[in-house]
Amino acid sequence: MTSNRPYLLRAFYEWIVDNECTPHLVVNADFPSVQVPTQFVQEGQIVLNVSPSAVTNFSMDNQALSFNARFGGQPMQVYVPNGAVLAIYARENGEGTVFTPEEEVFEDEELDLAEETEVSQAPETKPEPEKKKGSHLRVIK
């Protein structure tokens, strides 16, 4: 089956707009092919206001969403593959959903990893899990 992410993303977007709220996206700015204003990226993420009044030429399909907007007065075309969307929520009340992060492996990284595996003979140690920050979003299922 295909990913349900684009369908859920569209549904939450429409639901938020229909309820006269402002849809915001949390985007993994380090995801491949993402085109966002890098000066607003914090800790690898950016929050984008995708309200119909804030963007033009908004398009969302099963692969990505794109739009034109102004950031600091400068026009920019934004492109976000659906896999880069981490959450969508209404600014006014935090209603929305959080998506499981998708990982995309580059061919070069696979090759590097294979080379490291062959060369490295040190015992493996598990890194300590990162402490997760509490979410300010309410998850709706």
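Against which strands do the buried residues of α1 pack? The points below take up this matter and others.

1. Basis of the model. This is a predicted model, in which local features need pLDDT of at least 70 and side-chain atom pairs count only at pLDDT 80 or more, while totals for chains, interfaces and linings use all residues. Residues are numbered from 1 along each chain as its sequence is written, and side-chain values use heavy atoms, with hydrogens and water left out.

2. Confidence. The chain has an average pLDDT (the predictor's confidence in each residue, from 0 to 100) of 82, and 72% of the residues score at least 70. Over residues 105-127 pLDDT stays under 50, and the model has two contacts (heavy atoms within 4.5 Å) beyond four places in sequence for this stretch. Residues 129-135 also stay under 50, with one such contact.

3. Helix α1. Helices (H or I, at least four residues) and strands (E, at least two) are DSSP runs, numbered from the N terminus. Just after α1, Glu-20 adopts a positive phi of about 55°.

4. Buried face of α1. Arg-5, Pro-6, Leu-9, Phe-12, Tyr-13 and Ile-16 are the buried residues of α1 (under 20% relative accessible area, 1.4 Å probe, protein chains only). They lie on the same side of α1, because they cover an arc of only 130° around the axis, taken from the directions from the helix axis to the C-beta atoms. In answer to the opening question, they pack against β1 (23-28), β3, β4 (64-71), β6 and β7.

5. Open sheet. Three strands form an open sheet in the order β3-β4-β5, with antiparallel pairing; two strands pair if DSSP finds at least two bridges between them. The edge strands, β3 and β5 (74-81), each pair on one side only. β3 and β4 are joined by three bridges, and Ser-59 has Ser-66 in β4 as its bridge partner.

6. Hairpin. Strands β6 (residues 85-90) and β7 (residues 95-98) pair in the antiparallel sense over three bridges. They form a hairpin with four residues between them, and Gly-94 in the turn has a positive phi of about 75°. Tyr-89 has Gly-96 in β7 as its bridge partner.

7. Ser-51. This residue is located in the loop between β2 (45-49) and β3 (56-60). Ser-51 is buried, at a relative accessible area of 9%. Neighbours within four places in sequence aside, Ser-51 contacts Thr-22 and Pro-23.

Methods:
Buried means under 20% relative accessible area, exposed over 50%, partly exposed in between (1.4 Å probe, protein chains only).
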